[in-house]
Amino acid sequence: MKDVAIVAFSQTRHTAEDEGLNETELLLPVISEIKEQVGISRFDFTCSGSCDYLLGSPFSFVSALDAVGAWPPISESHVEMDGAWALYEAWVKMQYSDEVETALVYGFGKPSQTSVRQVLGLQLDPYYLAPLGVDQVSLAALQAQAYLARSGAKEGDLTAIAARSRAAGRENPFALHLDAPADDAPYDVAPLKVHDVAPQADGAAVVVLATGDKVREISERTGLKPAWIRGIDHRADAHSPGVRDLSVSPSARIAGEKAGAVNVEVAELHTQFSHEELILREALNLGDDVKVNPSGGPLSANPVMATGLIRIGEAAARIHRGEARRTLGHATSGPCLQQNLVAVLEA
Amino acid sequence: MGNPCAVIGIGQTHYTTKRLDVSIAGLLREAAGRALDDAQLTWADIDAVVIGKAPDMFEGVPMPEAYLADALGATGKPMMRVHTAGSVGGSTAIVAASMIQSGVHQRVLTVAWEKQSESNATWALTVNKPHNASLVVGAGGYFAPHIRAYMRRSGAPDHIGMLVAVKDRENALKNPYAHLKIPGISREIVEMTPMLWEPIRYLETCPSSDGAVAMIMASEDAAKKAPNKPAWVHGTAMRSEPIFFAGRDTVSPQGGKDCAADVYRQAGIADPRRELDVAEVYVPFSWYEPMWLENLGFCGEGEGWKLTESGVTAFDGDMPWNPSGGVLSSNPIGASGMIRFAEAALQVRGLAGEHQIEGARRALGHAYGGGAQFFAMWIVGSEKP
Amino acid sequence: MSQSSPNHVLEFPGGYTRSVGPVIGRFLSDLRDGRLVGVRTRAGRVLFPPLEYDPDTGEDVTGEFVEVGPVGTVESFSWVPEPLSSHPLDRPFAWALIRPDGADTAILHVLDVGEFERGAKQPKRLKTGLRVRAEFRGDPKGEISDIKAFRPEVSMINSPTRLEYDLRPGKALDRFFEGVAEGRLLGHRCDVCGKVIVPMAGLCAKDGVPTTEEVEVADTGVVTTFAVNNLPDPRAPEVPFVSAYILLDGADITMLALVAGIPADQVRMGMRVKAAWKPREEWGPTLTNIRWFEPTGEPDVAFETIEEYL
């Protein structure tokens, strides 16, 4: 495989409340910032991830394109998935096209405008699941219960994860700054308490990929070490929660194996619920020595559709700054960790 | 260009107004199953799945790749969903091809579909939001003024659109999967139908269809084992431009010209009119045939309508466009682009049946979307490039 | 019968007591258990409902009972828009010949296609070949009416979905609407290309740069191109209506808007128009302050001057 590196990463300061900016206005500053940073205003390929249902109307990516400066016309694509899958599409393209030496990848979401848990409820099987009115958090709680029952972990273990994530998030200028979980915190859907559920936020994230000579050129300008993608893979599980063992994540396990998820120092995991960290640690075989979500993770800010891309960006940023040599970024999609993407990065 | 990529399996459903006898998964499985049969493969042989469709408002299932993962045999495999508006069918095929060209996978299943009958196309495409700064009434309301601008600019006579409307419907009679079949279709019949969005008449626009199309992309090794003749990918390209900006040419968008130039360059084509044998081009309103003839470089500016008028693009013309009947005859929106790509591949495989263009060796598949701002194209050939 | 109350009733008190024999008995017993069984003839056909003989030859049937259905195909039917009091349903339904899967003959029974309004026309979905399934009574008695009715196979479910949003226009459009609320049309001039973008988006989509320089443009302009819409739209006053791209004086980008105050067939490319504002007291932060654009009466502009805006 051709060596491709993440050479720059930029994100918004995510907000829990609607600050009056539309998606394009959220994106424009971070795209402008990253163009300035890498010294490139035109990329060989552009790919984005977003969800029309968050906006409540079709074609959310059309106006977002205005933030890119798509003139003269650009080579561009879009996935109706988290931006992490847009990164994967760009990485695949760079593997074979000699003309693509740089790629701009972005993801954005403004969940403050609607109820994400209901939107994701509609994502379910339209015959047997969606008509029940079951929502994303209720399904996650079902998975949490299955995990607790099998592993013997306790609700306190989940709270500890939330506490650690929130503490880390308070150190991250881009995350929401949330208080430590309260002792008497109520359940959202039991066994998940309110702090076990990732707080949705408005935000966007941008990543620049490069290959060949461009990597050196850009690194010299930014002063950042390139984060080389050593492996990247994604897999899906079956959809219905009734046909799979919810306490494990076989798709994450396969993706981790294919991406070479060993010997990592830091893992940024797309944990929208506390218990998912435990399931993913197991699936990706991450030992206690692996630092998980030092950014605070999604439990400190969940800008839906950008959250997975941010995990990869955060994992890259550790390498950019020389804080780690080998890191892992993970993204998920679908109910109960149905789809998982793993990227292994190295200095 | 990367590793060689071949199309070794193609499957389509019959396109129709309402497929009431199948679920969404059933519709996709029908196309995918036929593609697997064509390639003599089973679900287990597939490495990855790439799906595409236009807005999820059509069926009301946001990001349906989750629900469809196991329905398309993707358990334990990579599954992706592409969405680039009307061009999505083409873009999805290009993303699937890239998985082969990059050497990441050996056999990739790609499926595009729309089940428009579950809601209503106008609603799903132009959900009326607050804070609208413009008034757009369906796709016809958006495109009709641009067609008028083309007519004015090129001096094309009024009847050109009707010629295309008749030609594509005559072609559809040869295609077993086509939706609109109007035996005896004639200019008089088209002319009698009402103006929906003047200058667009009812029969100068596309139907609203349910349907799915699937293809199996394969590496050279995998293609060698395929029982039927493959189509080889000679080039792929995508281009996008903003929908509104000062000085934008909405009649012949730069994105379309650039995309065509890119795909011709990859395929080593200098003159598409002479070097291609057939084209499947996204023509949802009949006037877009002459408009795209110019935009895609089959003739000079202002000359497209003359090619149409003189029968060049007819089934027996020297540059047949849309022998399948095209989007004017079948339009499950999210699938329409991939149907163009698949029909181009069928032609160079020699498997297009009654609508086969004899001796077709190189074919163009084309799709566009949004405000004529997203483009996806590929060129396929009977020989490995 | 004209009288509402009959003057004679023939009714055997308590109903007849009929012995059913082994074949029909087997059928009704299975029916009471919710199963449909037919019987095989010596020629190999499966009769449903079972008879004791082959209706073609008169031969005894075999003793082999075969479970059929529960899904069947409508082979023929009649439509009852106004049911009689003796009919099993008091709303429209069909009498149908239904052949269950696995059977070679059909049963006559009630087919309920879900029509509720008396007098309803025969629904389009009711036709030969319709796939149907028996709906059983909750209190089976071992009678043919243990099948309440056949009903079409479930081929479609209705999925109402509703999501609520609180959408915001964004900073730039907010400012645009602020202007509109005061009767002003605002745009931004791009620092790079110098073009005036109306309404402003806070950026130039062509150059991909932020824009801030505010410019007020006129509420007069010129129609570049247009469509005559004959399909009704809730947003438009009536059909036919004209949707047109209008280049406002001072702007470099066209706006899609309604044109009225002139018969649709007289609208022209190059026609000069001005905004028709609603009365000031009805203004709000919305573009609907402008009803539409209407002709100014000035001479048309030459095609060449608008050509680059198409």
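Axes here are lines fitted to C-alpha atoms, for helices over the stretch in contact, and angles run from 0 to 180 degrees between N-to-C directions. This is a predicted model, where local features need pLDDT of at least 70, side-chain atom pairs count only at pLDDT 80 or more, and totals for chains, interfaces and linings use all residues. Residues are numbered from 1 along each chain as its sequence is written, while chains are lettered from A and ligands numbered from 1 in the order in which they are written.

**Exercise 1.** Work out how helices α6 and α10 of chain A cross.

*Solution.* Start with the helices (DSSP runs of H or I, at least four residues; strands are runs of E, at least two; both numbered from the N terminus).

- Step 1: α6(A) spans residues 136–151 and α10(A) spans 274–283; their axes come within 9 Å and cross at roughly 50°.
- Step 2: Angles under 35 degrees count as roughly parallel, over 145 as roughly antiparallel, 65 to 115 as roughly perpendicular and the rest as oblique. So α6(A) and α10(A) are oblique to each other.
- Step 3: Now look for contacts (C-beta atoms, placed from the backbone, within 7 Å). On α6(A) you'll find A:Gln143, A:Ala144, A:Tyr147 and A:Ser151, which meet A:His275, A:Leu278 and A:Ile279 of α10(A).
- Step 4: Sort these residues: four are nonpolar, three polar and none charged. (Nonpolar covers Ala, Val, Leu, Ile, Met, Phe, Trp, Tyr, Cys and Pro; charged covers Asp, Glu, Lys and Arg; the others, Gly among them, are polar.)

**Exercise 2.** Describe how domain 2 of chain C touches domain 3 of chain C.

*Solution.* 

- Step 1: Chain C splits into domain 1 (21–152), domain 2 (169–217) and domain 3 (219–310), with bounds from an automatic or database domain assignment.
- Step 2: The centres of domains 2 and 3 of chain C, taken over C-alpha atoms, sit 20 Å apart.
- Step 3: Domain 2 of chain C puts 13 residues in contact with 15 residues of domain 3 of chain C.
- Step 4: On the domain 2 side, α2(C) gives the most, with four residues.
- Step 5: That side holds nine nonpolar, two polar and two charged residues.

**Exercise 3.** Describe the side of chain B that touches chain A.

*Solution.* 

- Step 1: Chain B brings 50 residues to the contact, and chain A brings 50 residues.
- Step 2: α3(B) gives the most to chain B's side, with five residues.
- Step 3: Chain B's side divides into 25 nonpolar, 17 polar and eight charged residues.

How values were computed:
Two residues are in contact if their C-beta atoms, placed from the backbone, lie within 7 Å.
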